[in-house]
Each structure stands twice: as structure tokens, then as C-alpha cells.
Amino acid sequence: DVEDEEITGDICRNTDLSTLSMLQVVPKAIDISLAKELKNLLFGSTLSCFSEEWKMQSFTFSNTPQLKYGIVQKKGGPCGVLAAVQACVLQQLLFADSNKNKDTRCLQPSETQRTKCLTMAIADILWRAGGNEKAVVALPSGRQQFTPIGKYKADGILETLILHSATRYEDLIVFLQQNIHQFEIGPCGCILLTVSVILSRSINLVRNDFDVLTNRLIGSHGYCTQELVNLLLTGKAVSNVFNNVIELDSGNGNITILKGITSRSDIGLLSLFEHYDVCQVGCYLKTPKYPIWLVCSESHFSVLFCLEKDVLDDWKTEQTFDLYYYDGLANQEEEIRLTVDTTQMCAEDKENDLTPPLEHCIRTKWRGAVIDWNGTEPIL
């Protein structure tokens with residue numbers, strides 16, 4: 001892993017014209033049959049389209065001085081995609097160059113630095129989905145590549161796509177560097193990434209990841225399903241958040257297979273559903289490789305992270321530590337820093353509506369921990 005990081009760092013520094021002419025990235029126009037398959041996988045119907053919330057959303061960073069690392073969400077809907085990318089950007093920003101703990105200065109990146117982190121984050125998401133062998137980057141061409149006919153409703157985006165395939169990680173990085181503005185400034189960067197990650201995995205493999213073949217990646221009200229979030233975080237669109245596979249006896253000799261997370265994820269997940277005993281998050285997500293977690297609360301996704309990598313491996317560090325919270329949709333204007341103390345025990349009242357949901361989520365990992373909001377108004 002360390003060698004890989006050193007290699008990619010060299011690629012970023014040494015990109016020149018001779019490299020560009022040697023790029024092995026193969027472009028291919030989308031056709032109507034692939035567009036139909038994508039729509040069925042995304043929405044369950046070829047007559048559905050991306051909402052305006054999705055169409056206007058890219059990975060644009062905050063101008064708030066304390067939150068320059070943060071990606072801003074304009075409206076509800078694609079929060080699962082935004083939070084997953086935000087978490088991967090933080091992984092690059094905090095831990096790409098070394099495994100040492102950081103101070104808060106690293107949360108003040110320059111524009112160049114945060115764009116580079118976004119490039120590397122997208123590259124990692126796509127490469128992981130492609131089984132570390134390939135990736136597809138979908139970009140708009142500005143004109144229709146096929147004539148929408150029959151049971152297909154055009155949305156002005158899918159019909160214009162050119163699909164660029166790379167089979168070398170180095171080529172993927174350079175190609176994304178050239179085109180990162182499409183994702184960062186947009187207007188439809190969120191859609192482009194979603195289509196790219198599906199095609200990097202392949203439509204057949206994504207569908208086979210599902211517990212139920214008729215599942216979809218975008219649910220009601222334009223929300224991201226758990227399958228889409230898992231695809232972005234782990235490279236597989238499985239339906240569950242527990243570890244590995246569960247086999248259920250469904251009677252008459254039939255076995256129902258429920259698929260979960262198969263290895264320790266780079267980025268974690270904490271869920272309010274677990275607090276309410278609706279699901280169980282396995283340790284592959286609860287104890288990820290990096291101290292960065294997506295927080296799933298009331299069908300909204302946000303991000304929680306720690307600057308100390310040791311918090312996952314060293315019990316002493318885990319006694320008292322700070323977690324930073326970021327929600328791209330909340331018009332957040334200040335840093336939110338929570339101090340978690342696991343040496344004390346807080347008597348948790350499951351029926352108490354005045355306990356912030358974020359605290360419930362944190363305590364699914366650190367049972368009974370005392371949480372100090374450090375003067376910030378708790379988010380209820």
C-alpha cells in the first residue's frame with residue numbers, strides 16, 4: 001500500500017505532455033440499451049429520470065474558512081454519494097502522505113490541494129469498484145449519442161455520455177486530473193460519478209451484489225440506497241452492513257442468502273438504525289482502516305472523523321479523543337468538534353428524545369461514552 005501511494009504521488013508530480021500522448025484510455029459512446037439498463041438499475045424503470053436535486057449537484061467545496069475541506073450539498077437527495085466522496089477526500093487529505101496523526105492545520109487545504117484530494121478520492125472509488133483492474137469514467141459530450149425511442153424517457157444527461165475505460169491506475173489518475181472540473185464544478189458531477197462507479201463494477205456484477213435482483217440504487221425521494229453507499233465505500237453494491245454472508249432457511253429446503261461486507265473497509269459506517277435495533281453494523285464497517293465514518297441518521301448521510309489514526313488500534317488513545325462532524329447539507333458555518341470520553345459511563349435512555357441522534361450513533365461503537373459538544377449547540 002505504501003509503495004502504491006509513493007507511485008501515485010510521483011504520477012501526480014510528473015504529468016507532462018509525453019505522458020498524455022501515451023494515455024491508454026478508450027472512449028466509447030453510450031447506446032440506448034446500456035442507458036436502459038442503467039435506468040433500471042438506478043430507478044427500477046426506464047421511464048424514471050434523475051431529479052433536479054441530482055442534476056444540479058457536483059462536488060463543490062465550502063468557502064467557509066474553518067470548513068474548506070467540506071463538500072457542499074445544495075438540496076436533499078444524493079447525500080449518500082456526497083458523504084462517501086467526502087469521506088474519501090478526508091482519507092486523502094489526512095492520511096495519504098503518512099500514517100502519522102495530524103493537527104487541525106490539515107483541515108485548511110488550499111484549492112489546489114483539495115482538488116487533488118478529490119481527484120485521488122474519485123480514482124480510488126472507481127478503481128476499487130473495478131476490482132483494482134479497470135475503471136470507467138463517464139463524461140458528457142454535449143450532444144445526444146443516440147435517439148431516445150420506445151419506453152425510454154430522456155433526461156438530457158445519460159444520452160450524451162462518452163464512457164472512457166482505463167486498465168492502468170496511472171492512466172486513470174492522469175485522465176481524471178484533466179477532467180476533474182466536470183466533477184467539481186459540474187453541473188452534474190454527482191450523476192457522472194454514480195454512473196462511472198456502476199460501469200466500473202459492471203451492471204451484471206452490481207445486480208448480482210443485490211440480495212434481491214429487483215433492488216435499485218436510488219430509492220424514493222431521490223435518496224441513495226444502502227447498496228449505492230456500499231458500492232462507493234467497498235466496491236460492491238451489497239444490501240447489508242453486517243460482516244460476510246448470512247444464510248437463512250426459508251423453508252422447503254430453500255436457502256435465502258443475505259450479502260454483507262466481506263473485508264475491513266477503508267471508510268466506516270455508524271447507523272442510527274443500529275441504536276434502534278433495526279440492523280447490526282459489522283466490525284468491517286464499524287472499525288475501518290481509517291478513523292472516518294459515514295453517519296446514517298434518518299435516511300441522511302453525513303461524516304464523522306478523527307485526526308488520530310491510532311484511535312482504531314491503541315486503547316490508550318481511545319480513552320479520550322476528538323471527533324469532527326461535517327454535514328454538507330446543514331449550511332454548517334463552524335467546526336463541530338466532539339470530545340468522546342470512554343473512561344466514564346453515560347446511562348443511555350433509549351426513550352429520551354432529547355439525546356442528539358449523533359450521540360446515539362457514536363455510542364453504537366463506543367458504548368456509554370460521555371460526549372462533550374465543546375460549546376457547540378447539539379444537533380437534535
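Axes here are lines fitted to C-alpha atoms, for helices over the stretch in contact, and angles run from 0 to 180 degrees between N-to-C directions. The model is predicted, so local features need pLDDT of at least 70 and side-chain atom pairs count only at pLDDT 80 or more, while totals for chains, interfaces and linings use all residues. Residues are numbered from 1 along each chain as its sequence is written, and side-chain values use heavy atoms, with hydrogens and water left out.

Select α6 (111–129) and helix α8 (residues 189–201), whose axes come within 7 Å and cross at roughly 30°; helices are DSSP runs of H or I with at least four residues, strands are runs of E with at least two, and both are numbered from the N terminus. Angles under 35 degrees count as roughly parallel, over 145 as roughly antiparallel, 65 to 115 as roughly perpendicular and the rest as oblique, and α6 and α8 are therefore roughly parallel to each other. Show side chains next: the contact, which means heavy atoms within 4.5 Å, is made by Ile122, Ile125, Leu126 and Ala129 of α6 together with Leu193, Ser196, Val197, Ser200 and Arg201 of α8. By class, this contact of α6 with α8 has 6 nonpolar, 2 polar and 1 charged residues, where Ala, Val, Leu, Ile, Met, Phe, Trp, Tyr, Cys and Pro count as nonpolar, Asp, Glu, Lys and Arg as charged, and the others, Gly among them, as polar.

**Second stop: the three-stranded sheet**

Now select the 3 strands that form an open sheet in the order β1-β3-β2, with antiparallel pairing; two strands pair if DSSP finds at least two bridges between them. The edges are held by β1 (25–29) and β2 (135–140), each with a single partner strand, so one side of each is left without a neighbour in the sheet. Neighbouring strands of this sheet are turned by 25° against each other on average, direction ignored. Between β1 and strand β3 (residues 161–166) the antiparallel pairing runs over 5 bridges, and the bridge partner of valine 26 in β3 is serine 165. Keep α8 in view here, as α8 packs on the sheet, touching β2 and β3, and its direction makes about 150° with that of β2.

Isoleucine 246 has leucine 258 in β5 as its bridge partner. The two strands form a hairpin with 5 residues between them, and glycine 251 in the turn has a positive phi of about 85°.

Select next the 6 strands of the open sheet ordered β6-β7-β8-β9-β10-β11, in which the pairing is mixed. Here β6 (268–271) and β11 (370–372) stand at the edges with a single partner strand each, so one side of each is left without a neighbour in the sheet. From one strand to the next the twist averages 30°. At one end, strand β10 (residues 336–341) and β11 pair in the antiparallel sense over 3 bridges, and aspartate 341 stands opposite valine 370 in β11.

How many cavities of 30 Å³ or more does the structure hold? There are 2, and the search behind them uses a 1 Å grid over the protein atoms alone: a cavity is a set of points where a 1.4 Å probe fits but cannot get out, a pocket is an open set with protein on both sides within 12 Å along at least five of seven lines, and lining residues have an atom within 4 Å of a point. Grid points are joined across faces, edges and corners, and a volume is the space filled by probe spheres set on the points.

The largest cavity has about 90 Å³ of space and is lined by 13 residues, of which Ile71, Leu82, Ala83, Tyr326 and Gly328 lie nearest its centre. Helix α5 gives the most to this lining, with 4 residues.

For the second largest cavity, with about 30 Å³ of space, select Cys88, Gln91, Gln92, Ala121, Asp124, Arg128 and Asp266. Its lining divides into 2 nonpolar, 2 polar and 3 charged residues.

Finish at the second largest pocket, which has about 250 Å³ of space and 13 lining residues, with Gln226, Ser271, Phe273, Cys296 and Phe301 nearest its centre. The lining of this pocket has 7 nonpolar, 6 polar and no charged residues.
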